[in-house]
Amino acid sequence: LGNYYETDFVYVHCIPPWSKISIFLNHFMLQFWSLCGNSLTPKRGVFGKTGDLQTILCLACARDEVTYSGALNGDIYVWKGINLVRTIQGAHAAGIFSMNACEEGFATGGRDGCVRLWDLNFKPITVIDLRETDQGYKGLSVRSVCWRGDHILVGTQDSEIFEIVVHERNKPFLIMQGHCEGELWALAVHPTKPLAMTGSDDRSVRIWSLIDHALIARCNMEEPIRCAAVSTDGIHLALGMKDGSFTVLRVRDMTEVVHIKDRKEAIHELKYSPDGNFLAVGSNDSSVDIYGVVQRYKKIGECIGSSSFITHMDWSSDSKYLQTNDGNGKRLFYRMPSGKEVTNKEELKGIQWASWTCVSGLEVNGIWPKYSDINDINSVDANFIGQVMVTADDYGIVKLFRYPCLRKGAKFKKYLGHSAHVTNVRWSHDHQWVVSIGGADHSVFQWKFVPDRKLKDSLHIAPQESLVDSNSDESDSDQSDVPELDSEIEQETQITYRRQVYKEDLPQLKEQCKEKRKSAASKRRERAPGNSIRLHFVHGYRGYDCRSNLFYTQTGEIVYHVAAVGVVYNRQQNTQRFYLGHDDDILCLAIHPLKDYVATGQVGRDSSIHIWDTETIKPLSVLKGYHQYGVCAVDFSADGKRLASVGIDDSHTIVLWDWKKGEKLSAVRGSKDKIFVVKINPYMPDKLITVGIKHMKFWRRAGGGLIGRKGCIGALGRTDTMMCAVYGWTEEMAFSGTSTGDVCIWRDVFLIKTVKAHDGPVFSMHALEKGFVTGGKDGVVALWDDTFERCLKTYAIKRAALAPGSKGLLLEDNPSIRAISLGHGHILVGTKNGEILEVDKSGPITLLVQGHMEGEVWGLATHPHLPICATVSDDKTLRIWDLSPSHCMLAVRKLKKGGRCCCFSPDGKALAVGLNDGSFLIVNADTLEDLVSFQHRKDVISEIRFSPGAGKYLAVASCDNFVDIYNVMSSKRVGICKGASSYITHMDWDVRGKLLQVNTGAKEQLFFEAPRGKKQTIPSLEVEKIGWASWTSVLGSCCEGIWPIIGEVTDVTASCLTSDSKVLATGDDFGFVKLFRYPAKVSIFQLYVAHSTHVTNVRWAYDDSLLVTVGGADTSLMLWTYEIIVTLIL
């Protein structure tokens, strides 16, 4: 919501009830923030002479713009607005950490252990000193306080929660307690009783009842505790200390049996032998000491084979062997009690282990994810009876695996709750519970084990069984039952939408260039060109990586997107209207149930969702602030009030919005793999589904979050990638299309049936009142009944089925279908090849819109005499487009390689095309048949130009730094232009056809005589005097103004001068089209946004009536009308 400029720590944030203001506290400062639009404006609190400058620790807000704050010295400051008006001195004897406002007044708590109650005017009522109560102790510090009626809740620095009844203030009731300070590492369970023992850096050892969920004993030690173990008979509790010593206590009364210090570094692990005769003590100095229990813990052996600190140990069932893990991941074996290392593999065969808590070994290979660090997993404990084991790791996750777990990257269930690394985990004596402890979060978690064979073994957090299973994703490392990913889907998953520089970076980049801006301002002032351009028509549709992004509007128009443009297309009039509110690639589109509003989501570091009216083309709401890098899926609820969205961040965050208010209702991490579609349940707007790579999940809203359950496949199928989904005729029924061509039918979260629908992935699905429509990679549209029992009709997208009124040519039969929508008696189909077709239910197919396919579009040329242009792309197609009102593709030809440039001959009869393999073609401009072809280079042909006049010569520039000149008449290479130090970017001939101007990637402006290619040096002033047949160069004194001040991070990719040499159009890497007065000496321009990524080429039509532009990765071809403004002088 705004910027925060201070670097000191912020202690408190509060929103007062009396205005739209937020208050932040930090070191020596209090700031009042007011909401202005979508940002916050700060004002510092004014201390004046009323009080000393102090660190403010807490605050509470009252009526009439009054604020109370607690200071480090125990004073309370009273504020009116932003001004300090009075001070209540000595409110506490030390810092005031907490302040709570309620109907009765205010409660404060401080470091002095006191809770003070105040009336509404902040006059003292009473004081409660917790240190003097039954539960009190020296050093008690109050950190949180809440007052309601006769009851007061108090939280302390030592992780305790007390409840105080005012009339019995000396008898506070202890509700909760836990460890505090440092990290919690030590955990042991009693061998015969439901007890767990924990020890921490706070020097306390505690015994917890797993039945009553209560602390039953506590003992303070002299040193921080790092590990614990209970003897087999349950009598002794051994504690390993951070200073290298260990202590043995009697469990019944916590009295000391023995204290031994044989090591200098921390004791990290200790274990009693199953027969109770020995205690193994592992330390951080890489050794394990063996002590005899019956000999009063006399040292009788030592294991010294490890090269790093000891992390885990396990005894064999007969107490004759010990296995250890160390910090280097080594697993070693020792004969007990001597401690002699065992290296004979035959001797180790058949050993039965009494427990398994080691993280290294064949039995636990599968617990390690790919690319994990050797110390990422902190603890393991196996349940031999249940054949499962539980692990704890550095990412705060408790996982449940099958035991033994032999295969790397095995499947698992994961459970969240800990906030930091989980340091230890243990099964209870009867295997009913799992106990886990968090290092820095100081918490002890108790989980209930639910061995349900149908739903797989799982853990439930106890005792709140309503919050049971997280139903989290399985490991993505086990590919054993996952089908091979379709090539088209695999290609899509590899697309990245992240930019090195985003358009929202522009303000910061400009700020970095203040000095350059000042120097530019000193130049003489120029005016931007008086004429302008307006977007007229866009060829293209984004189908190669999107789905279900094509709909009929309420009025029968068609809405879709390409580049950064939302397009509303009138198919009767062949006209378009444009929503231009986005500034980067639109990746998804959804239509409101009333068909009048549309939601579109875009790429961006702080990406946005725009909801706009298809009739007025005006935005209704813009949602920002919750998605990083982009939004890949959106969907409206059936009542139109809510909107669901999915981001393309690493967690594919799912957000549920009240879009009219601009409020986020709920959010959750979706999946680490790509999510393709989100759908809100039309009957219950608090439920939704998401589908994606190995992902089918059912979500329900829970407060500010979403609780997800993975689809249960059972014996009906295997884990598959889902490409599309819809809800059915009841709130429980859902349908999804898979990457293998099946339609899955779900009831609640259970898969009940699969139906073979297509050959290849099912990319799109549309629900009707009584049936469904599906489309797949096989290029077939299928109509189904309402149960998917019967396919009623199919439509194959073929060139032979095209109706006479089609506006263009279908590139291939059976193109992959990415979007399907029904309305107005037709089926609307979007393909991966960038085509939009309308299928009449009787059979004929009309081609409405088309554009280039996936790959960058660079090649662009306009016809010298006709309203025609040619484009060539990385999609290996050469296309001819009609620029007249018919706006259709006239011809297309498939090429052996992609192309980057093209040029018409001066008479318009021939078309030269440069390809990416270093070859080029000259084809007949009408039929696109070959006239001649050459290949003298191996690198990309980056630019190609016919000489003016008769077109005698053809200059061919390549990315290997050369320009070859060919005699078109003799079909021979007659010259080579050498001397460029980088690849060639632009070329222009002079009007005589004897001089060639060349630009390079090293910002060189070079000149060569034709046809031999002799390099010439021409002063910049003389360059302006030369008559040029065209100007597409981006370098030189006459166009230095087209380079922005921030030119280090963005390049001008293309330019083109009008035939009257008055206006220069440019395209750049930010997707901007600009108009400059020519010559462009200074950076004054008109700017236009529609392309999403770099504008790779711009060309004026033969009569300058249209400007034609192409976007690289957005694959679009845009036509802009040139509007000449005439000024009348009376």
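Before the views, a word on the model. This is a predicted model, in which local features need pLDDT of at least 70, side-chain atom pairs count only at pLDDT 80 or more, and totals for chains, interfaces and linings use all residues. Residues are numbered from 1 along each chain as its sequence is written, and side-chain values use heavy atoms, with hydrogens and water left out.

View 1. Glu1022 and Lys1025 both sit in helix H5 (residues 1020-1025), 3 residues apart, about one turn of the helix. Helices (H or I, at least four residues) and strands (E, at least two) are DSSP runs, numbered from the N terminus. A salt bridge here is a side-chain nitrogen of Lys or Arg within 4 Å of a carboxyl oxygen of Asp or Glu. Glu1022 is partly exposed because its relative accessibility is 36%, while Lys1025 is exposed at 63%. For these words, buried means under 20% relative accessible area, exposed over 50%, and partly exposed in between (1.4 Å probe, protein chains only).

**View 2. Salt bridges between separate parts of the chain.** The whole structure holds 36 salt bridges. In one of them, the side chains of Glu838 and Arg571 meet at 2.7 Å, N to O. Glu838 belongs to strand S68 (residues 836-840) and Arg571 to the loop between strand S44 (565-570) and strand S45 (575-579), so this pair ties together parts that are 267 residues apart in sequence. Glu838 is buried at 8% relative accessible area, and Arg571 is buried at 14%. Another salt bridge joins Asp988 and Arg945, whose closest N and O atoms are 3.5 Å apart. Because Asp988 lies in strand S82 (residues 984-989) and Arg945 in strand S78 (residues 941-946), the pair ties together parts that are 43 residues apart in sequence. Both Asp988 and Arg945 are buried. Elsewhere, a network of salt bridges links Arg263, Asp285, Asp289, Lys299 and Glu302.

**View 3. The largest nonpolar core.** A nonpolar core is a set of buried Ala, Val, Leu, Ile, Met, Phe, Trp, Tyr and Cys residues joined through side-chain atoms within 4.5 Å. The largest one has 47 residues, and Ile533, Tyr560, Trp1100 and Trp1120 touch the most other members. Strand S92 (residues 1117-1123) supplies the largest share of this core, 5 residues. Apart from it lies another core, of 21 residues, including Tyr321, Trp356, Val359 and Phe401.

View 4. Contact means heavy atoms within 4.5 Å. Leaving aside residues up to four places away in sequence, Ile533 touches Val1073, Leu1075, Tyr1088, Trp1100, Leu1107, Trp1120, Thr1121 and Tyr1122. Ser532 is in strand S41 (residues 532-539) and is buried, with 15% relative accessible area. With the neighbours up to four places away again left out, Ser532 touches Leu1075, Gln1086, Tyr1088, Thr1121, Tyr1122 and Glu1123.

**View 5. A stacked pair of rings.** Rings of Phe, Tyr and Trp (its six-membered ring) pair if their centres lie within 6.5 Å; planes under 30 degrees apart count as stacked, over 60 as edge-to-face and the rest as tilted. The structure has 37 aromatic pairs. Phe772 and Phe788 form a stacked one, 4.8 Å centre to centre with 25° between the planes. Phe772 is in strand S63 (residues 771-776) and Phe788 in the loop between strand S64 (780-784) and strand S65 (791-796), 16 residues apart. Phe772 is buried at 3% relative accessible area, and Phe788 is buried at 1%. Ring pairs gather Trp729, Phe735, Phe772, Trp784 and Phe788 into a cluster.

**View 6. Helix H1 and Leu348.** Leu348 lies in helix H1 (residues 345-348) and is buried at 18% relative accessible area. Leu348 touches Phe333 and Val342, not counting residues up to four places away in sequence. Leu348 and Phe333 are 15 residues apart in sequence and 8.3 Å apart in space, C-alpha to C-alpha.
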